[in-house]
Amino acid sequence: MHVDTDLVHLRAGGTSVVILLDDGRLPRILHWGDDLGGLGAEELDAIARTGRPAIRDSLVTYPQPVPVLAQLPEGWLGRPGLVGDSAGRRWAPLFLVAAADVVASADGVTLTVSAIDESYGLSLTLELSVLEASGLVRQRARLRNDTGDVFRVDGLELALPVPAEAEEVLDLTGRWALERVPQRRAFDVGEWVRTSRGGKPGLEHTLLLAAGEHGFGFRSGKVWATHLGWSGNQTLAAERTPANTRRLSAVEGLAAAEVELAPGDEYVTPWQYGSWGDGLDELAARFHRHLRASPGYPAGPRPVLVNTWEAVYFDHDPAALTRFAEEAAAIGAERFVIDDGWFTGRRDDTTSLGDWDVDPERWPDGLRPIAERVRALGMDFGLWFEPEMINLDSRLAAEHPEWIFDAGHGPGLPSRQQHVLDLGHPEAYAYVLDRLSVLIDEVGIAYVKWDHNRYLLDAGHTPTGRPGLRAQTLAVYRLMDELHRRHPGLEIESCASGGGRIDLGVLERTQRVWPSDCNDPHERLEIQRWTGLLVPPEVQGTHIGAGESHTTHRSHPLSYRAEKAVWGHLGVELDLLTESDETKRELMDWIAFHKEHRALLHSGTVVHADLSEAAARLEGVVASDRAEALYAYSLTERPRTWPVGRAGLPGLDDSLVYQVRPVFPAGERLGEEQPPWLADGAVLSGRVLRLVGIELPSLDPDRSVLLHVRAV
Ligand code: DGJ
């Protein structure tokens with residue numbers, strides 16, 4: 001529908017966005033958040049009138065509201081919108097809207113705005129949607145060069161405004177085996193900027209940049225957040241100007257001359273997403289609903305897997321691994337994944353990446369026999385690849401040194417002794433596609449664990465030396481898309497030394513992410529909790545690791561390791577050939593418990609209680625009809641005061657009555673001094689459970705108890 005008014009109200013999925021389009025200016029968001037209901041033209045007009053600030057002090061300082069693509073000639077002195085030029089000219093664009101349309105579909109409602117800068121010969125199309133399944137907002141821009149001069153794009157940044165109530169900024173940082181560590185600060189004047197430059201979002205990537213009311217938590221406090229659906233270089237920024245404009249912006253990071261638009265060429269930005277909620281749980285639930293409604297999202301029960309990595313590392317022995325697979329099937333696994341170490345010459349991490357042939361010495365009969373045995377045992381078969389990487393010590397590097405990124409100083413610093421294969425070479429791309437595709441068919445691979453262990457640094461394309469980072473991300477997307485096209489039903493896991501490539505771009509093409517190489521439940525609790533701001537449990541890989549963690553060397557009983565793993569896409573990553581029968585029986589019980597509850601865990605709403613005790617965690621999943629829930633109460637340290645006290649159970653239906661009882665999937669026991677109610681459970685209304693709560697069990701540090709809740 002063609003828009004001929006100055007104001008547009010987009011409503012879907014419980015979200016309203018009110019947009020001003022007056023004077024031919026690019027869209028300016030007046031409200032983003034709560035659904036405002038059906039608004040008449042007069043009320044919309046009043047929103048615009050009452051939202052206009054006084055202009056004083058300075059003629060240059062841009063008065064609110066600011067367009068989603070901010071422009072310097074309009075007086076904006078904050079983070080720039082479009083940065084680009086034609087050899088030093090056409091560097092300060094000013095777009096005016098030529099047409100606007102609103103289209104409603106089953107997916108949501110979309111405003112499309114076409115704008116032009118006639119003097120510069122540039123056209124711009126902005127799309128802004130509010131999505132029905134989730135209430136997420138997403139927007140992107142398409143820029144076209146209409147003249148004879150090449151136009152170079154250095155950045156095209158879009159922003160979503162947040163109101164003055166947004167006083168605190170939350171983002172995440174991290175490192176290897178400790179991804180997603182939260183940090184908070186006041187939303188002061190200035191810019192809080194998080195940038196990824198390594199050709200992937202990275203282990204330290206924030207996933208989301210959020211701004212909310214003072215002290216916002218999981219259950220309360222208005223909060224807004226942005227995310228960029230892109231697996232390459234990028235910046236997310238929270239900016240507050242001296243004129244009190246507050247925005248969350250996102251921009252793809254472009255290296256030198258990566259986007260040069262010849263006449264008629266276009267550049268399309270990745271989607272910038274925006275979510276909001278009363279508390280982080282509601283904000284995260286929008287991303288979860290969005291993914292769950294996306295094409296290609298895994299349907300049906302997530303197969304419990306056994307992965308060989310921390311069990312055997314590079315020590316591949318077909319007979320032993322076949323026995324391993326038999327043990328896996330016996331404890332209830334449904335997928336068997338052979339990790340790194342199966343291809344020609346790979347004995348450690350110094351050689352052979354790129355030589356994607358089954359190692360004839362280790363696997364003289366190939367992988368087919370073990371894959372067939374795995375299938376005969378009722379499991380499907382998965383295999384590890386690192387398609388974008390190459391070791392200098394490999395046949396591939398000897399044959400095609402020109403396929404290794406090089407910006408003029410050779411292949412550059414190794415990382416984990418490896419370098420990056422430039423998929424911008426059509427032959428390199430074809431080689432990798434062919435090797436994966438042939439093996440997927442020959443061996444019968446249902447699941448590819450797709451790893452990525454080196455950042456891209458001076459990633460120059462040979463022989464020009466021009467940056468190949470953006471092209472690499474696009475090539476990876478094409479590669480994954482093509483593999484899915486050729487092999488319907490194939491699942492791919494996005495792993496990058498753990499959680500180094502987690503974003504909505506890669507999640508359009510992968511059915512699982514690996515949040516971290518750390519299987520220590522003490523760390524996993526936090527890593528999964530914060531990864532969960534974006535990623536639903538069923539696509540977070542969560543493994544039961546060894547008794548002594550291989551990354552932290554902390555030791556935990558199986559009950560705690562298993563409890564922290566049953567919530568996600570469950571896996572087992574320990575040596576089943578050396579574990580005791582007792583441990584295997586317990587594993588079997590936990591896997592059975594997971595299978596019994598995974599329909600709930602993988603479709604329900606994730607909830608977290610905001611507890612005053614810093615060492616206490618109470619989180620769970622509530623069924624979408626709120627008739628059932630499972631919670632875990634854990635202590636990460638010894639609490640400051642004892643007992644911790646009462647806590648409400650979040651997310652239940654006030655009007656239902658529930659039976660609450662502790663569950664012990666493998667017959668665990670709690671210490672004797674427990675609140676009396678634990679012995680027989682309790683029956684209470686959802687309202688009482690929310691407002692009054694229950695006395696929390698008594699736990700040692702790094703221990704937990706599961707509480708099962710069912711409507712009676
Ligand atoms: C890094 C991954 O994160 C691990 O899970 C494992 O697959 C190794 N690479 C294998 O080299």
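D45 is partly exposed, with a relative accessible area of 42%. Here, buried means under 20% relative accessible area, exposed over 50%, and partly exposed in between (1.4 Å probe, protein chains only). The model is predicted: local features need pLDDT of at least 70, side-chain atom pairs count only at pLDDT 80 or more, and totals for chains, interfaces and linings use all residues. Residues are numbered from 1 along each chain as its sequence is written, and side-chain values use heavy atoms, with hydrogens and water left out.

D45 belongs to helix α1 (residues 41-50). Helices (H or I, at least four residues) and strands (E, at least two) are DSSP runs, numbered from the N terminus.

Helix α2 (residues 280-292) has 13 residues and should span 18 Å at 1.5 Å a residue; its end C-alpha atoms are 18 Å apart, which agrees. The expected span is 1.5 Å times one less than the number of residues. The helix is mostly covered, with 10 of its 13 residues buried. Among them are the charged residues D281 and R286. Others include L280, L283, F287 and L291.

One runs from T462 to P463, with omega near 5°. P463 sits in the loop between β27 (460-461) and β28 (466-467). Another joins W642 and P643, where omega is about -5°. P643 is placed in the loop between β35 (628-635) and β36 (646-647).

Positive phi values occur at R90 and N244, neither of them glycine. For R90, phi is near 55°. This residue lies in the loop between β4 (82-85) and β5 (96-105). R90 is buried, at 7% relative accessible area. For N244, phi is near 70°. N244 lies in the loop between β16 (234-240) and β17 (246-252). N244 counts as partly exposed, at 28% relative accessibility.

The structure holds 57 salt bridges. A salt bridge is a side-chain nitrogen of Lys or Arg within 4 Å of a carboxyl oxygen of Asp or Glu. One of them pairs D149 with R89 at 2.9 Å, N to O. D149 lies in the loop between β8 (137-145) and β9 (151-156), and R89 in the loop between β4 and β5, so the bridge ties together parts that are 60 residues apart in sequence. Both partners are partly exposed: D149 has a relative accessible area of 35%, and R89 has 45%.

K595 forms a salt bridge with E334, the closest N and O atoms being 3.9 Å apart. K595 lies in helix α11 (residues 581-601) and E334 in the loop between α4 (318-331) and β22 (335-338), so this pair ties together parts that are 261 residues apart in sequence. K595 is partly exposed, at 31%.

The side chains of R617 and E526 also meet in a salt bridge, at 2.8 Å, N to O. This pair links distant parts of the chain: R617 is in strand β34 (residues 616-622) and E526 in helix α9 (residues 521-531), 91 residues apart. R617 is buried, at 14% relative accessibility, whereas E526 is partly exposed, with a relative accessible area of 22%. Elsewhere, salt bridges that share partners join D355, D357, R395, E399 and R435 into one network.
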